[in-house]
Amino acid sequence: MERNLDKKAAKQSTTYLSDKSIEKRKQAATEVGEIVDDLVGQNKETDIKRFIEEFSLMTNEEMPQRRRTGLYGISAIAVALYQKGTSEYLSLLLNPVMSKFSDREPKVQLAACDAMFNILMVCKEDIIFDKSFPITFDRIVSIVSYPNNDVKDWGRKLVEQLEDIVYGALVKNNIFDLDSLLDTIYTKLSKSKNQDISLVLIRWIETLSSMTNVDILKCLPRFLERFFEIMSTNAKHDVYDLTYNQLNVFLKDYQECQSRSVELDIQILRKALKFLLKKKSLDIDQSRYLAIIWLEEFLKFFNEDLVKEVAFEDLKDDKVEFYESDDSLPQFGNFEEEKGGPEEDKEESKDMEAERAQMREELGSRLFPEMLNCVLYYINTGNTEVVAILGRINTLLQKLVIVINLKITSPKTNKNELDPILVCLRKNFIKGKVKTKEICIGWFTELFKHYSDTLLNKEDEILENIIQSINFKESKLTESVLQLLCLMSSKNQQFLKEIVEMLLKRFNNEKDIEMEYINNLIHIMCSNIDQKLVFSEFAIEIMKFNNYQFVSFMIEILDLILSGAPVYQPLRDILSKEKKEPEDKEFFTTLFNTWCFNPLSALNLCFLAKKYKLAYHLLLCIGDNMTFDKDKLIQLCNIVQLIESPAFLELRIDLLDPGKNYYLIKTLQGILLMIPISKAFNALKTRLECVNLDPRASFAVEAMEIQETENPNEEDEKEIQECLTMFKNSIDLAKDSNKKSG
């Protein structure tokens with residue numbers, strides 16, 4: 001057939017292809033079809049292509065009617081070709097039609113949709129096997145976002161028609177490039193902000209996920225973040241409900257999925273984390289709530305899959321149990337593997353170890369720190385249900401970090417392996433709120449239990465920040481901090497020195513700090529560390545301060561704590577022993593040397609240690625060198641009240657033997673003369689009157705005075721003289737300091 005015959009046929013057909021009359025349009029389409037039939041029958045491929053091109057050129061003409069004519073002509077050619085079983089011209093037919101979807105004239109757009117409908121109707125599955133199918137899919141889906149409602153309706157119709165074709169092919173297991181389709185869906189979903197397009201694409205995902213022969217779960221990491229974003233921005237749109245339902249379907253399907261893997265778990269966790277960390281807000285909407293639920297569920301899946309793939313037997317039990325010794329921790333390579341040849345086993349072992357090393361790198365440097373960041377931020381929300389979920393996530397995360405990193409490949413875990421976690425903890429602890437700090441302290445505590453004590457050291461600024469974080473109004477945080485500090489001190493005594501020093505600095509800088517807070521702090525420390533060690537360290541570190549007013553204040557508090565609380569009876573027993581071991585003598589000396597800077601506390605310490613002769617001489621020295629103001633008189637009255645407490649029962653019993661303990665009686669008489677008439681005065685007066693009722697008391701005292709004078713105990717005398725010298729020097733030093741400051 002010659003080209004002029006094509007022109008004649010095209011001209012005759014185009015007269016009515018875009019006519020208003022349906023009958024005339026049908027007649028024109030029939031005529032075009034007959035021409036195509038002739039060309040196919042004569043096997044004239046070149047003429048067929050030329051005929052298609054004639055109508056394609058019309059779609060680009062200026063007149064809208066001519067463009068519509070070209071589209072209807074292409075539609076008629078497509079129908080005729082497929083009726084003859086010819087499909088090789090599909091791309092020539094599709095391109096001009098799809099180019100007119102975005103035409104400026106709605107009628108031309110409608111004509112393009114009509115033409116595409118006919119093409120899809122006749123070509124069916126050929127459309128999805130065509131290499132340009134992803135482009136076709138993208139163009140058709142875009143129609144639903146057009147402003148013209150008629151065009152939009154046509155777009156929905158075409159989408160449904162295409163969906164039926166794909167569904168039918170999948171049911172029949174006809175293989176096509178499904179990955180390209182999924183790529184197109186993902187790309188369009190991630191870029192599109194139009195709700196109608198999102199709705200269409202999620203329905204496609206819903207359809208594909210319902211097919212048993214489509215493993216769409218492997219693509220879940222690609223869609224997940226966008227699903228959460230859609231939920232966060234479309235709360236009142238149909239797309240919200242559809243997205244929410246599909247996420248729940250995915251979660252259920254994944255739980256039952258047989259092709260789960262640690263790698264896929266990690267990818268999904270990272271996408272959920274990316275959304276939560278990118279869209280940070282403590283106002284928990286449904287999207288964030290669902291993302292946090294996914295975080296918990298997929299951390300559980302990860303835990304389960306890790307057991308299967310890497311043989312972490314210690315992760316099987318959901319109950320978290322931390323290990324007290326390194327020997328009880330899991331070791332890589334201790335599980336049985338299938339036996340092969342020696343070389344094969346060796347190579348397989350190397351490959352497996354390399355994979356595990358890579359996995360630990362991924363987890364330790366990226367996933368775990370990101371997840372910890374997420375927990376530390378969102379734990380401050382007011383949503384109690386979310387806080388509970390995050391608590392469970394944090395517990396399991398701690399277990400995973402400790403089990404995976406500790407004792408896996410080397411006898412000692414390198415601090416560098418935990419650096420990303422430690423950096424995250426330090427940053428959040430310094431800048432975080434109270435709940436964040438509590439979580440951080442919990443992590444520091446667990447890590448310190450299981451790893452080298454070099455994880456935290458005195459040069460580390462975080463130690464000072466931990467001390468500074470003690471907020472006496474936040475009892476839970478304070479207790480957690482102290483538990484950590486005690487743990488550090490029990491592992492390395494050097495830490496105790498640093499911690500006590502920092503605590504005293506904190507007390508010195510704190511205004512109006514109450515004794516109750518210091519009492520609680522020391523009580524917690526003494527519950528976890530040797531009491532003698534704690535008091536000794538406080539006594540030593542207090543001496544380093546030049547602020548003698550603060551030093552005196554701390555000594556008085558420590559003295560009252562030591563004297564009054566039942567829990568410190570073991571310390572009082574050590575002090576009151578008649579025959580002391582060298583370390584016990586050293587303990588008294590350490591306390592006394594410091595207590596001298598508060599003379600009345602030093603006097604009370606002598607009572608506790610049953611050093612009554614020293615107490616007597618101290619009282620004489622106090623009377624000669626001190627000016628008693630209101631505060632000192634109150635302190636002296638407090639000592640009298642302490643004498644009536646259970647802690648001083650032995651002292652009161654000693655009063656029954658006035659001959660042996662005449663220095664005690666003389667000291668108490670001296671105190672009685674110093675304090676004003678008050679409840680304390682009456683209590684002590686009554687106590688001494690009970691002693692003086694004994695007619696032997698005066699004689700016994702006089703006898704003991706003579707014996708002490710004639711036969712002094714040289715060792716006791718030496719100790720007393722040394723203590724008095726220290727006492728007087730301390731008083732003079734405090735006086736000089738007060739004069740300079742005054």
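Reply: A charge sits over a ring if NZ of Lys or CZ of Arg is within 6 Å of the ring centre and within 35 degrees of the ring normal. The model is predicted, so local features need pLDDT of at least 70 and side-chain atom pairs pLDDT 80 or more, while totals for chains, interfaces and linings use all residues. Residues are numbered from 1 along each chain as its sequence is written, and side-chain values use heavy atoms, without hydrogens and water.

Me: Over the ring of which residue does the charged end of Lys 157 sit?
Reply: The charged end of Lys 157 lies 4.5 Å from the ring centre. The ring belongs to Trp 154.

Me: Which class of pair do the rings of Phe 228 and Trp 294 form?
Reply: Rings of Phe, Tyr and Trp (its six-membered ring) pair if their centres lie within 6.5 Å; planes under 30 degrees apart count as stacked, over 60 as edge-to-face and the rest as tilted. The centres of Phe 228 and Trp 294 are 6.2 Å apart and their planes are at 90°, so the pair is edge-to-face.

Me: How many residues apart in sequence are the parts that Phe 228 and Trp 294 tie together?
Reply: Helices are DSSP runs (H or I, at least four residues), numbered from the N terminus. Phe 228 lies in helix 12 and Trp 294 in helix 15 (residues 286-310). The parts are 66 residues apart.

Me: What is the relative accessible area of Trp 294?
Reply: Buried means under 20% relative accessible area, exposed over 50%, partly exposed in between (1.4 Å probe, protein chains only). Phe 228 is buried at 0%. Trp 294 is also buried, and its value is 1%.

Terms used:
Helix = DSSP H or I, 4+ residues; strand = E, 2+ residues; numbered from the N terminus.
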